[in-house]
Amino acid sequence: MSCPVTIELSGGAELLFDNKKKLEVVLPENSNPWTIKTMLPWVRDNLLKERPELFMQGETVRPGILVLVNDADWELMGELDYSLQPNDRIVFISTLHGG
Amino acid sequence: MSCPVTIELSGGAELLFDNKKKLEVVLPENSNPWTIKTMLPWVRDNLLKERPELFMQGETVRPGILVLVNDADWELMGELDYSLQPNDRIVFISTLHGG
Amino acid sequence: CLEKSDNLSNEQIGRYSRQLILPEIGVKGQLSLSSKSVLIVGAGGLGCPSAVYLAAAGVGRIGIVDYDEVELNNLHRQILHTEKRVGTPKSSSVASSCTQLNSLVECIPYHLQLDSTNALRLIKQYDVVLDATDNVATRYLLNDACILANKPLVSGSALRFEGQLTVYNYEGGPCYRCLYPKPPPPETVTNCSDGGVLGVIPGIIGCMQALEAIKICAGIDPSFSQKLLLFDGLQGSFRSIKIRGRQPTCPVCGDNPSITELIDYEQFCGARANDKVN
Amino acid sequence: CLEKSDNLSNEQIGRYSRQLILPEIGVKGQLSLSSKSVLIVGAGGLGCPSAVYLAAAGVGRIGIVDYDEVELNNLHRQILHTEKRVGTPKSSSVASSCTQLNSLVECIPYHLQLDSTNALRLIKQYDVVLDATDNVATRYLLNDACILANKPLVSGSALRFEGQLTVYNYEGGPCYRCLYPKPPPPETVTNCSDGGVLGVIPGIIGCMQALEAIKICAGIDPSFSQKLLLFDGLQGSFRSIKIRGRQPTCPVCGDNPSITELIDYEQFCGARANDKVN
Ligand SMILES: [Zn+2]
Ligand SMILES: [Zn+2]
């Protein structure tokens with residue numbers, strides 16, 4: 001099933017995505033329902049503009065990136081196993097350390 | 001038709017409502033659909049705890065109170081004539097002047 | 001009003017280096033900032049934080065209007081004053097603190113009450129105006145003066161644990177009268193003396209006013225034109241509201257304005273333009 | 001630590017009158033504030049606004065930790081320093097400014113680099129800790145020390161036009177390691193020197209840190225325990241995010257913690273605990 005989702009970037013994560021803070025995408029037809037686990041490599045291969053190692057590490061996001069599903073921490077939603085629903089809003093936030 | 005709505009108060013308007021910032025109410029069965037115009041006297045007579053003249057003036061809210069319908073200025077929604085939909089969120093904001 | 005330089009000095013480059021490297025600012029934005037002037041009306045809870053961050057950012061000229069003197073009970077929120085300056089004019093206290101931080105910025109204190117006789121002349125000398133006042137009459141006065149002089153007005157207010165912010169008269173956006181055609185009944189108006197205010201609430205709103213003014217001065221669109229920010233510090237909630245556009249029927253900014261010069265605002269509001277006891 | 005008085009002095013009543021009349025504060029809240037102590041780690045862009053609003057509100061004791069001296073390029077955001085104080089310790093500069101505003105508050109500057117040998121001893125003397133630092137290693141150090149000493153940690157950060165805020169270790173809430181068990185790869189970390197920051201952004205976040213700390217000290221629950229505030233100053237957007245609770249598997253605050261004393265945080269993070277060039 002294809003699945004339309006909104007992807008948002010903040011905290012500097014947008015710098016890896018051509019400085020775009022918001023992307024409306026349709027995840028293409030897939031034999032299995034999309035999860036965050038299957039979405040991450042798709043995002044890396046299709047949307048990321050540079051330095052994939054600054055986005056993913058192994059099969060998950062690199063340390064220091066927080067993932068939100070519809071304004072909630074993905075940890076509350078099942079992390080990698082969360083099944084994406086149409087029109088979900090997924091946010092990748094790079095943690096800030098400056099002061 | 002009865003109509004459940006959320007009423008929120010801020011900027012000091014809550015002081016007229018027993019210091020409550022949020023009220024979940026069901027507007028009772030009515031022969032005509034509820035509008036803000038018909039809701040205002042109902043709110044005044046059923047929810048207001050003191051000094052109704054600080055809430056309404058004539059058939060509308062007193063100057064210095066801004067009304068929001070689902071996070072938009074009611075002027076964009078038809079003001080008094082707006083027809084309430086179930087689960088609408090109506091906010092009464094008293095304008096602040098201090099600094 | 002201010003002459004626009006083509007280059008930053010070495011001192012400016014050093015001082016502003018951390019904001020010069022922001023692509024949205026850069027040398028162009030910094031030169032624009034230093035060629036702009038901002039008038040802050042009110043040297044109190046909102047005016048203090050907005051003045052110091054505008055000075056820090058390198059706005060070319062900052063005017064500070066206040067008729068009042070520093071009192072001890074101001075110091076819980078008016079953070080540019082000091083105990084030693086109790087009894088001295090607030091406007092010069094703010095100007096001194098800003099100059100100690102950044103002597104490249106010209107800070108001009110105006111120890112006077114803004115009224116219909118002096119507002120237009122003063123406002124015409126500035127590019128952006130900040131409403132950091134504490135009463136309804138001065139808010140209508142400032143609004144009308146900004147419409148007549150065609151200056152954007154960055155308006156903040158605070159009371160108890162709450163704050164509100166919006167930008168009026170920015171590129172065709174609404175004005176204060178579009179939103180509030182009639183003044184509130186005087187008995188419904190609460191000032192900080194009567195209602196109280198937690199000091200850091202105007203701190204947050206004043207910083208937001210500085211941010212919006214800095215963006216305008218650097219050539220970046222402000223975020224709160226035709227939008228109203230509502231902040232509740234007790235709940236920790238920020239809400240951004242879409243508000244009406246300019247009203248063609250507005251008596252001051254509409255298509256056929258009836259107000260073409262400043263009026264008597266104390267009479268219009270039925271309230272004094274200061275919170276002093278009569 | 002501080003003795004709690006039963007009464008406010010006449011000077012306190014006059015000075016704090018505008019916040020005493022807030023029912024949520026009142027005499028009880030003000031007495032609580034003046035019996036509390038807050039440690040601010042970092043006297044920079046976040047530490048300046050948070051220190052001055054905590055001092056204004058009448059927190060009993062404020063400690064300010066910073067190893068650094070004032071530089072000219074700090075002044076675009078670090079608003080308690082002055083041109084005259086360039087070259088002097090930041091911690092004492094902040095303490096001086098706060099004392100000039102409110103001499104009733106005891107301000108203690110610590111001109112030192114917080115590290116594993118001194119952090120616990122210092123933090124144990126305070127009721128609430130503010131993370132106003134600028135690097136990953138110190139953030140993990142502060143977190144672990146606050147868990148070991150059981151102090152709430154009000155954490156702020158800022159870069160470019162963005163800021164983040166949350167409260168860790170408040171009444172069973174999560175800690176920094178619950179959220180970020182592994183440190184970020186050093187090459188992904190951008191500090192304000194490299195990435196830049198608009199000065200008023202840490203101004204807004206620092207004020208929010210002060211607000212949360214004031215609420216805790218006055219006996220009011222903070223709003224951002226188990227919640228993260230994301231602020232984007234360019235878009236003017238505030239977003240409040242519900243984050244995970246305390247993690248039973250957390251190596252420092254979990255059910256079977258493996259970290260029971262402070263470790264080497266520069267080694268853990270693979271990065272220096274300051275943004276100075278090596
Ligand atoms: Zn208008
Ligand atoms: Zn933990």
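The legends below describe close-up views of a predicted model.

Local features are given only at pLDDT of at least 70 and side-chain atom pairs only at pLDDT 80 or more, while totals for chains, interfaces and linings use all residues. Residues are numbered from 1 along each chain as its sequence is written, chains are lettered from A and ligands numbered from 1 in the order in which they are written, and side-chain values use heavy atoms, with hydrogens and water left out.

**View 1. The zinc ion (ligand 1) is held by four cysteines of chain C.** Cys175(C), Cys178(C), Cys250(C) and Cys253(C) each coordinate the zinc ion (ligand 1) through SG, at 2.3 Å; donors are N, O and S atoms within 2.8 Å of the metal (3.2 Å for Na, K and Ca), and since water is not among the atoms, sites may look incomplete. Along the chain, the donors of this ion follow the spacing C-x2-C-x71-C-x2-C. Cys178(C) lies in helix H8 (residues 176-179) of chain C and Cys250(C) in the loop between strand S8 (237-242) and helix H11 (265-269), so the pair ties together parts that are 72 residues apart in sequence; helices (H or I, at least four residues) and strands (E, at least two) are DSSP runs, numbered from the N terminus. Both Cys178(C) and Cys250(C) are buried, where buried means under 20% relative accessible area, exposed over 50%, and partly exposed in between (1.4 Å probe, protein chains only). The site of the zinc ion (ligand 1) is tetrahedral, with angles of 92 to 119° among its 4 donor atoms; four donors count as tetrahedral if all angles lie between 85 and 135 degrees.

**View 2. The zinc ion (ligand 2) is coordinated by cysteines of chain D.** The SG atoms of Cys175(D), Cys178(D), Cys250(D) and Cys253(D) coordinate this ion at 2.3 Å, and the site of the zinc ion (ligand 2) is tetrahedral, with angles of 92 to 118° among the 4 donor atoms. Of these cysteines, Cys250(D) counts as buried at 4% relative accessibility, and Cys253(D) is buried as well, with a relative accessible area of 12%.

**View 3. Helix H7 (residues 136-149) of chain D is mostly covered.** This helix has 14 residues and reaches 20 Å from its first C-alpha to its last, close to the 20 Å expected at 1.5 Å a residue, the expected span being 1.5 Å times one less than the number of residues. Of the 14 residues in H7(D), 13 are buried. Asn135(D) caps the N-terminal end of H7(D), with a side-chain oxygen 3.3 Å from the backbone nitrogen of Ala137(D), and just after the helix Asn150(D) takes a positive phi of about 55°.

**View 4. Met208(D) has contacts in both chain C and chain D.** Leaving aside its neighbours within four places in sequence, Met208(D) is in contact with Ile204(C), Phe231(C) and Phe238(C), and also with Leu165(D), Phe224(D) and Leu229(D); contact means heavy atoms within 4.5 Å. Of the 3 pairs of chains in contact, chains C and D share the most contacts.

**View 5. Gln226(D) has a positive phi although it is not a glycine.** The phi of Gln226(D) is about 60°, and Gln226(D) is found in the loop between helix H10 (200-217) and strand S7 (227-232) of chain D. With a relative accessible area of 25%, Gln226(D) is partly exposed.

Key. Four donors count as tetrahedral if all angles lie between 85 and 135 degrees; four count as square planar and six as octahedral if opposite donors are over 155 degrees apart and all others between 65 and 115; anything else is irregular. A polar contact is a pair of N or O atoms within 3.5 Å; within protein, one must be able to donate a hydrogen and the other to accept it, and residues adjacent in sequence count only if both atoms are side-chain atoms.
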